[in-house]
Amino acid sequence: MRLALNVFIMIIFLLIQSTTVNFLQIGSIKPDISLVFVMCIAMFKGEKTGAFIGFLNGLIEDMLYGRVLGFNALARLLTGYAIGFGTKNIFKGPVLITMGIVLIGSLFHSIIFVLLSYILKQTSNPWYFFMPIIVPSAFLNMIISPFIYYLVSKLESFFDYYFNIKY
Amino acid sequence: MIFLISFLSKDANYIDNISSPVITIFAPAQKLMSNINKNIGAVFETIPQFFNLKQENEKMRQTVAELEHYRQKYIEYKEENTHLRAMLGFKQRNAQYELEAAEVIGRDSGNWFNIILIDKGLKDGLKKDMAVVTEEGLVGCIITAGENYSKVLLLIDERSSVSAMIQRTRDNGILKGTIAPAPMGCVKMVFLPHDASLVKGDVVISSGLGGIIPKGIEIGEIIEVKKEPYELMQYAIVKPAVDFHKLERVFVIKNQGEQLPVEGE
């Protein structure tokens, strides 16, 4: 039930990402709030949930906008897993640590994405846009991460109360 | 006395002659007094209103809030109206095409690829490889058509490839998406003859080769021309006419192969 609710919230983030966030883009770059949500969930719930939510997020995105099914799903699955696994023993209290993790996670996701797109022949010169796309988008994700992390922490506290204490 | 009154009443002009100078003298004073009276009246009318000021102020605030809401709606409708008029104008100017208007309902969430979703699909007669345009120019083409939606690959996506020509010189080339060395938001036009005299500002239109995009649709203008190193070709960087960040409504050309006869032809 709790996982289903997280999936539902992830879908809401995905819908906001593909509609509203386009109006917030700076130049040609926009933050990826659904990816940040995946990373925040991975930080809270660990690598398995992070990988699962990331996989579903990527799969839906592939179905909606992709040309190769499973392309985004794999990139987000790996990102969710890596963030969940890599931050297991890190104290995530300070905002700067959350921001740092999201920055590294966004760069990791982009590198996986670029490698996959090159292997699947979706791009011809992937590293050309490393600086103009990947780095600024990672920084934008980093900037919005405290807000989404705060939201996820509140939701998790609520779920803890609702599922573990109340019932 | 009665005799005098009856005598004077026989001649109406007589009384006028007497009263006229008197009225002339009194009139300004009358006017002044009348104005003072009006002002005093207004002051007396205002006094009871002091007690209703708070209520009235609240009412006014509500009215202002309502009007502000209507103003926002008006601005939105005005923008929409301007846009729809431009679209209607485009439709009338391009009567040879069977156009289907569609609304953009979503956009690729990443920064890498450029695909949009529109709210029309197979049931509206749309299918794969149909050209998508706005009144500004070419947007891209449909890559997948579902029952009630279609995926459109934008011109700036690096997987896109469109046959194009320079309007002035009629030189043909291929427009690739945003690939090196085109800056973000611009596209690269390749395979241009080495002797083509291209200049900055030349308009690029679709050439119609390939059968997907009809001939003559504006694509954008050249912002830079360069020779390919060690090759006999040159390439141009083209700035698209369409602002892809602000796409709201588009047209799908349903009959690119067989154009409709224009009235009067």
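Some ground rules come with the model: it is predicted, local features need pLDDT of at least 70, side-chain atom pairs count only at pLDDT 80 or more, and totals for chains, interfaces and linings use all residues. Residues are numbered from 1 along each chain as its sequence is written, while chains are lettered from A and ligands numbered from 1 in the order in which they are written.

**Chain A overall**

Chain A has six helices and zero strands, giving the pattern α-α-α-α-α-α along the sequence. Helices here are DSSP runs of H or I with at least four residues, strands are runs of E with at least two, and both are numbered from the N terminus. The radius of gyration of chain A is 16 Å, close to the 15 Å that the globule rule gives for 167 residues, so chain A is as compact as a globular protein of that length. That radius is taken over C-alpha atoms, and the globule rule is 2.2 Å times the number of residues to the power 0.38. Along its principal axes, the C-alpha trace of chain A spans about 55 × 30 × 30 Å.

Of the 167 residues of chain A, 41% count as buried. Buried means that 20 or more other C-beta atoms lie within 10 Å of the residue's own; exposed means 12 or fewer, and partly exposed is in between, with C-beta atoms placed from the backbone. Among contacts in chain A between residues at least 6 apart in sequence, 70% join residues at least 24 apart. A contact needs C-beta atoms, placed from the backbone, within 7 Å.

**Helix α2 and its partner**

Eleven of the 13 residues of α2(A) are buried, so this helix is largely enclosed by the rest of the structure. The buried set runs through Ile33(A), Ser34(A), Leu35(A), Val36(A), Phe37(A), Val38(A), Met39(A), Cys40(A), Ile41(A), Ala42(A) and Met43(A). After the helix comes Gly46(A), with a positive phi near 95 degrees.

The axes of α2 (residues 33-45) and α4 (residues 71-86) of chain A come within 8 Å and cross at roughly 35 degrees. Those axes are lines fitted to C-alpha atoms over the stretch in contact, with angles running from 0 to 180 degrees between N-to-C directions. The crossing is right-handed, meaning that the near helix is turned clockwise from the far one by less than a right angle. On the α2(A) side, Leu35(A), Val38(A), Met39(A), Ala42(A) and Met43(A) meet Arg76(A), Thr79(A), Gly80(A), Ile83(A) and Gly84(A) of α4(A). By class, that contact has six nonpolar, three polar and one charged residues. Ala, Val, Leu, Ile, Met, Phe, Trp, Tyr, Cys and Pro count as nonpolar, Asp, Glu, Lys and Arg as charged, and the others, Gly among them, as polar.

**Helix α5**

The 25 residues of α5 (residues 95-119) of chain A should span 36 Å at 1.5 Å a residue, and the end C-alpha atoms are 36 Å apart, which agrees. The expected span is 1.5 Å times one less than the number of residues. Buried residues in α5(A) include Thr98(A), Ile101(A), Val102(A), Gly105(A), His109(A) and Phe113(A). Just after α5(A), Lys121(A) takes a positive phi of about 60 degrees.

**Chain B and where it touches A**

Chain B has three helices and twelve strands, and 31% of its 265 residues count as buried. Residues 24 or more positions apart account for 55% of the chain B contacts with a separation of 6 or more.

At the interface, 18 residues of chain B are in contact with 25 residues of chain A. On the chain B side, β1 (99-107) and β2 (115-118) each supply at least two residues. That side divides into seven nonpolar, six polar and five charged residues.

| Residue | C-beta neighbours inside 10 Å | Class |
|---|---|---|
| Gly220(B) | 24 | buried |
| Arg170(B) | 10 | exposed |
| Phe191(B) | 16 | partly exposed |

Gly220(B) is found in strand β10 (residues 218-227). Leaving aside neighbours within four places in sequence, Gly220(B) is in contact with Gly137(B), Val204(B), Val238(B), Lys239(B), Pro240(B) and Ala241(B).

Most residues other than glycine have a negative phi. Arg170(B) has a positive phi, near 65 degrees, and lies in the loop between β6 (161-166) and β7 (172-176). Phe191(B), with a positive phi near 60 degrees, is found in strand β8 (residues 187-193).

Technical notes:
Contact = placed C-beta atoms within 7 Å.
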